[in-house]
Amino acid sequence: MERSVVGGNVEISVVSGNAFTLGKDSIIYENTICHVHSNWLIDYNVAIASNCQIFSREPGCHGGLKVGANTRVGDFCIIDLSANVEIGKNVAIGPRTTIYTHDHDYSQSELVAPWKGDPVTKSVIIEDGCWIGSNVTILPGVTIGKNSIVATGAVVTKPVPAATLWAGVPAKQLKEFDQPANNGA
């Protein structure tokens, strides 16, 4: 392809003073919304499928985004950038996956509703070579180790060690794999 492509009806807004970098041979498909409030670096040969929403879901909280080379993000994914999100090289993220980087302090006694508490943000890291199935939810503060697999429909609430298979609600480790010689790079 040797060029980057942005599909039809894609909304990319970049707040002044921030950088949005879309690497060579990368593509953002139709109807995706990207609000850049902190620096974004999308490496080469990355595909972000249609109807994704990538922005901070909490006013006043602005994280950055790094996506490694040869990574795929499926249709209808939500990536909350209330804190930083780092996605490694050669990662596959299935459709309708949601990555959250914020929650609310629901312990405040004066709250009208628990979700109105102050935001609490934590970064999410998905290391090289991971495969995230469809309809997965990844919660704030989670790191998914190199070459791990998270099965369809899982809710990831804690760190996932490298080269493991996780499934369920909440996700639990089901299997450990031998690391490939190149460690997924």
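Analyst: Let's start with the side chain of Ser148: one of its polar atoms sits 3.1 Å from the backbone oxygen of Gly145. That side chain also reaches the backbone nitrogen of Ala163, at 3.2 Å. Both are polar contacts, meaning a pair of N or O atoms within 3.5 Å, where within protein one must be able to donate a hydrogen and the other to accept it, and residues adjacent in sequence count only if both atoms are side-chain atoms. This is a predicted model, so local features need pLDDT of at least 70 and side-chain atom pairs count only at pLDDT 80 or more, while totals for chains, interfaces and linings use all residues. Residues are numbered from 1 along each chain as its sequence is written, and side-chain values use heavy atoms, with hydrogens and water left out.

Ser148 is in the loop between strand E20 (143-144) and E21; strands (E, at least two residues) and helices (H or I, at least four) are DSSP runs, numbered from the N terminus. With a relative accessible area of 0%, Ser148 is buried, where buried means under 20%, exposed over 50%, and partly exposed in between (1.4 Å probe, protein chains only). Leaving aside neighbours within four places in sequence, Ser148 is in contact with Gly129, Cys130, Trp131, Val160, Pro161, Ala162, Ala163 and Thr164; contact here means heavy atoms within 4.5 Å.

Strand E21 (residues 149-150) runs parallel to strand E23 (residues 164-167), and two bridges join them. Strands count as paired if DSSP finds at least two bridges between them. Ile149 has Leu165 as its bridge partner in E23. Both strands belong to an open sheet of nine, in the order E1-E4-E7-E10-E13-E18-E21-E23-E24, with mixed pairing. Strand E1 (5-6) and strand E24 (172-176) are at the edges with a single partner strand each, so one side of each has no neighbour in the sheet.

Between E23 and E24 there's a loop that holds Pro170, and the peptide bond from Val169 to Pro170 is cis, with omega near -10 degrees. Asn31, in the loop between strand E4 (27-28) and E5, has phi near 60 degrees, a positive value in a residue other than glycine. Asn90, in the loop between E12 and strand E13 (92-93), also has a positive phi, near 55 degrees. Asn31 is partly exposed at 33%, and Asn90 is partly exposed at 31%. For context, most residues other than glycine have a negative phi, and most peptide bonds are trans.

There's another open sheet, of seven strands with parallel pairing, ordered E2-E5-E8-E11-E14-E19-E22. Its edges are E2 and strand E22 (155-156), each with a single partner strand, so one side of each is left without a neighbour in the sheet. Inside that order, strand E5 (residues 33-36) pairs with strand E8 (residues 53-55) in the parallel sense over two bridges, and Cys34 stands opposite Ile54 in E8.

Ile54 also turns up in the largest nonpolar core: that core has 36 residues, and those with the most contacts inside it are Ile54, Ile93, Ile126, Ile132, Ile138 and Ile144. E5, E6, strand E9 (65-67), strand E12 (85-87) and strand E17 (124-126) each supply at least two of its residues. A nonpolar core is a set of buried Ala, Val, Leu, Ile, Met, Phe, Trp, Tyr and Cys residues joined through side-chain atoms within 4.5 Å. Take Ile126: beyond four places in sequence, its contacts include Ile93, Ile132, Ile138 and Ile144, along with Glu86 and Val91.

On the aromatic side, the count comes to one pair. Phe20 and Trp40 form it, tilted, at 5.7 Å centre to centre and 55 degrees between the planes. Phe20 lies in strand E3 and Trp40 in strand E6 (residues 40-42), so the pair ties together parts 20 residues apart in sequence. The rule is that rings of Phe, Tyr and Trp (its six-membered ring) pair if their centres lie within 6.5 Å; planes under 30 degrees apart are stacked, over 60 edge-to-face and the rest tilted. Trp40 is buried at 2%, whereas Phe20 is partly exposed at 24%.
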